[in-house]
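Colleague: I am new to this structure, so could you take me through its domains and helix packing step by step?

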Protein chains: 2
Amino acid sequence: MEPARVAEPRPYHHGDLRRALVEAGRRLLEAENGSDISLRAVAREAGVSPAAPYHHFRDKSELLDALAIEGWDQLAEQMRADLALTDPGQDRLVALGIAYVRFSRENPAIYRVMFDCSQNHEAMPSKLREEGAYRLVCDALIESGLDPSDEMGLELAGTAVWCAAHGVAEMVGFREFSPLKAHLGGEEAFLRAVLGQLTLFAAERKSPAG
Amino acid sequence: MEPARVAEPRPYHHGDLRRALVEAGRRLLEAENGSDISLRAVAREAGVSPAAPYHHFRDKSELLDALAIEGWDQLAEQMRADLALTDPGQDRLVALGIAYVRFSRENPAIYRVMFDCSQNHEAMPSKLREEGAYRLVCDALIESGLDPSDEMGLELAGTAVWCAAHGVAEMVGFREFSPLKAHLGGEEAFLRAVLGQLTLFAAERKSPAG
DNA sequence: TGCATATCTTATCGTTGTCAAGATTGGCTT
DNA sequence: AAGCCAATCTTGACAACGATAAGATATGCA
């Protein structure tokens with residue numbers, strides 16, 4: 001393994017090192033299986049000295065924050081795309097959940113960074129609620145019969161769905177589930193079944209059974 | 001801060017250093033807010049050299065494994081205790097979920113180690129399924145009307161409950177939920193509502209509505 | 001043109017995980 | 001009971017890490 005690309009005589013001032021560092025970080029997260037990304041490795045990948053990042057990020061966690069924000073954007077985009085491809089007859093809430101979990105399966109390191117970052121801040125990224133994936137969930141809930149004027153009811157349901165999706169995303173890889181997956185006919189069917197159970201309450205709301 | 005207890009002239013051979021290291025680790029996890037426990041710090045706390053642990057654990061992750069196993073045991077114990085105190089009229093499944101989340105709230109560092117360890121092994125600790133908290137969930141599911149002979153149905157429901165509980169445990173601290181918590185009358189009520197929604201399918205099973 | 005400032009580098013510190021080699025001890029063999 | 005072996009613990013070392021300080025270099029504005 002050669003030391004990245006040293007040949008190119010980069011000018012002393014990089015131009016947009018911040019951007020380059022974020023992209024280098026994303027590249028490493030996609031490549032590495034273990035998500036423990038090192039700030040020095042990111043600098044190396046970007047072709048700068050170990051101390052250079054500190055002129056653009058206060059510390060390592062701020063770089064991870066930037067990577068997390070990109071990740072949440074990417075997730076929302078993918079969920080929107082998957083939702084557009086969903087058959088009208090199918091449960092759109094479950095489709096969103098499957099898209100969420102699929103993203104976490106295909107980008108495990110990035111997803112880990114995304115959620116760790118949220119946990120450190122004890123908050124979801126604000127954009128998520130306003131224009132991101134959370135809004136898609138709320139729309140699907142209203143579509144499935146929830147009263148849009150009942151703000152707290154909607155909030156409760158959205159919270160429940162989000163927690164369920166995250167829980168499934170973090171556990172779906174466990175080996176104990178293999179027999180059940182096989183029995184149900186694969187991981188997608190497994191996800192459909194589990195998420196279907198957990199979002200049953202949305203269907204229940206259609207009939208005002210209290 | 002003094003260097004733990006150096007005064008006691010410990011004999012060259014410790015007696016049961018493995019045990020002492022696990023307990024030192026647990027002590028540090030309870031004290032530290034950030035769960036990043038350092039192997040050297042554990043050795044320091046136990047009063048031995050930085051290399052001593054390597055005669056009892058292959059590497060740092062094996063020490064964490066041992067801490068995780070203790071944690072899962074402790075969780076099962078607490079869930080059993082909480083379940084015993086539950087009012088017969090209340091939903092036992094929700095009570096178990098609340099106990100689970102409460103444990104993760106009161107022992108965040110230990111819980112993090114527990115779950116990280118599970119994720120690294122892509123498996124829950126085996127004792128969990130056989131005699132631990134998972135069995136309590138299955139019992140509660142059967143009690144709520146699930147057909148005990150339908151193994152895969154029970155597995156699916158248990159899986160769903162476990163995923164939901166984990167998801168809630170990891171997100172309950174988010175600030176975005178504060179308004180909803182306040183509206184529902186506190187965190188316990190919040191948990192009861194969210195977990196109640198997510199485990200609605202268990203109640204549904206009572207009536208064979210398909 | 002000249003200078004303040006932003007940017008990047010080199011050098012360094014303290015910490016960590018891990019290993020190798022030596023010191024010390026407990027227990028088994030005879 | 002004497003002696004050796006293996007387990008245990010120590011010291012010492014290495015590479016990698018996050019982070020800071022001090023110096024080099026380029027940019028942009030006066």
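Predicted model: local features only at pLDDT ≥ 70, side-chain atom pairs only at ≥ 80, totals over all residues.

Modeller: Residues are numbered from 1 along each chain as its sequence is written, chains are lettered from A and ligands numbered from 1 in the order in which they are written, and side-chain values use heavy atoms, with hydrogens and water left out.

Colleague: How much area do domain 1 and domain 2 of chain A bury between them?

Modeller: Chain A is divided into domain 1 (1-57) and domain 2 (60-204), with bounds that come from an automatic or database domain assignment. Across the boundary, 15 residues of domain 1 of chain A are in contact with eleven residues of domain 2 of chain A, where contact means heavy atoms within 4.5 Å. Counting the accessible area (1.4 Å probe) that two parts lose on being put together, summed over both, the buried area of these domains of chain A is about 1200 Å².

Colleague: How are α1(A) and α2(A) oriented to each other?

Modeller: Helices here are DSSP runs (H or I, at least four residues), numbered from the N terminus, and axes are lines fitted to C-alpha atoms over the stretch in contact, with angles from 0 to 180 degrees between N-to-C directions. The axes of α1 (residues 17-31) and α2 (residues 39-46) of chain A come within 8 Å and cross at roughly 110°. Angles of 65 to 115 degrees count as roughly perpendicular, under 35 as roughly parallel, over 145 as roughly antiparallel and the rest as oblique. The orientation of α1(A) and α2(A) is therefore roughly perpendicular.

Colleague: Which orientation do α5(A) and α8(A) have?

Modeller: Helix α5 (residues 108-121) and helix α8 (residues 151-171) of chain A pack at an angle of about 135°, with their axes 12 Å apart. That angle makes the orientation of α5(A) to α8(A) oblique.

Colleague: Which residues of α5(A) meet α8(A)?

Modeller: On the α8(A) side, the residues that take part are His166(A), Ala169(A) and Glu170(A). Their partners in α5(A) are Tyr111(A), Arg112(A) and Phe115(A).

Colleague: In chain B, what is the orientation of α3(B) and α5(B)?

Modeller: The axes of α3 (residues 60-84) and α5 (residues 108-121) of chain B come within 8 Å and cross at roughly 115°. Residues including Leu64(B) and Trp72(B) in α3(B) meet residues of α5(B), among them Ile110(B) and Met114(B). The orientation of α3(B) and α5(B) is therefore roughly perpendicular.

How values were computed:
Helix = DSSP H or I, 4+ residues; strand = E, 2+ residues; numbered from the N terminus.
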